[in-house]
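Here is a short tour of a few residues, with the sequence and the 3D structure to follow along.

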Amino acid sequence: MPCISSAATFTVSKNLSFGTLAPTAAGGSVILSLNGSMNTNSSATIISSGTTYYPGAAVYTGSGLSSVANIVNMTFLSSSVTLSNGAGGTVTVNNFTITPNLQVSLLNPSATANVGATMNFTAASTPGNYTGSVQIQATSLLGGTATVTLPIILTLWRMLSVTQTVALNFGALEVTGGNSVVNILPQSGTRTVTSGQSGVNLIQSKPGAAAEFYITGNPNAPVTITLPSSATLTGPGASMTVNNFTRFPSAENSTLNASGTMTLKVGASLNVNTAQAAGTYNGTYTVTVSY
């Protein structure tokens, strides 16, 4: 009697997903491993509120003799594939990896192969939902050859950008004693002496201003805004501390509008020393905006 082997089947059980990412650089690469870990190489931010990232999975199932202690060899039919967002944006996916030494038997006729890869984006990789696929061929001695098409998905958000449009400016002051605190409200830019009123006079012709920042990012995306605890101004006299930074909108967690923009205003308090020397004082501080 002839010995007839049965063909094996090869099916997708899970797409390969790079989740939702926001670039932090004009270009870069993201590596998704077989165990599901993601390395963004500091070129992108993982958006936890977006779609989830995970390796792909394909199931090889032997039938009859094709499941008798059968070793399965896996091959990617393309070394690199292109994903498109349907609006002209593209990314490339390469360096595919797959679970090695896959084996089936009569007791365990099915085996799952996980699939990882590297996603590469450039400045031309515009925001949107990206789709594409890669073909994988499974070959075994008794099961012959089977091919499966594994879908690949990715969502890209816009890169966050923060631009200062108005600098924080405490204006001109006349020091009559010192040990005073001058505050600027973020929403109105109003300047007041909140402590040591007799130690400083506000020169009304040079009132200063609250800072303004223009934030751009993904439409309707939540962002976290972090202000510093303090900053230092230096000049001809003793340095002065700036603290009590406040923001408008006041919520630490805010949401960009439908156009993906927001205007952030920042105020703070200036601590003027006793007998502060006349002159111009300058300093810097950092505002951090993140998804």
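## A threonine in strand 12

Thr 118 is part of strand 12, which covers residues 110-121. The model here is a predicted one. Is Thr 118 buried or exposed? With a relative accessibility of 8%, Thr 118 counts as buried, because the cut-off for that class is under 20%.

Which residues does Thr 118 touch, once neighbours within four places in sequence are set aside? The contacts are Phe 18, then Ser 29, Val 30 and Ile 31, and finally Thr 92, Val 93, Asn 94 and Asn 95.

## The salt bridge

Searching the whole structure turns up 1 salt bridge. Its partners are Lys 265 and Glu 212, whose closest N and O atoms are 4.0 Å apart. Lys 265 belongs to strand 25 (residues 261-272) and Glu 212 to strand 20 (residues 211-216), so this pair ties together parts that are 53 residues apart in sequence.

How accessible are the two partners? Lys 265 has 23% relative accessibility and counts as partly exposed. Glu 212, at 25%, also counts as partly exposed.

## A glycine in a loop

Now to a loop residue. Gly 86 sits in the loop that runs between strand 9 (80-84) and strand 10 (90-98). Its relative accessibility is 74%, so Gly 86 counts as exposed, the cut-off being over 50%.

Definitions and conventions. Residues are numbered from 1 along each chain as its sequence is written. This is a predicted model: local features need pLDDT of at least 70, side-chain atom pairs count only at pLDDT 80 or more; totals for chains, interfaces and linings use all residues. Side-chain values use heavy atoms; hydrogens and water are left out. Helices (H or I, at least four residues) and strands (E, at least two) are DSSP runs, numbered from the N terminus. Buried means under 20% relative accessible area, exposed over 50%, partly exposed in between (1.4 Å probe, protein chains only). Contact means heavy atoms within 4.5 Å. A salt bridge is a side-chain nitrogen of Lys or Arg within 4 Å of a carboxyl oxygen of Asp or Glu.
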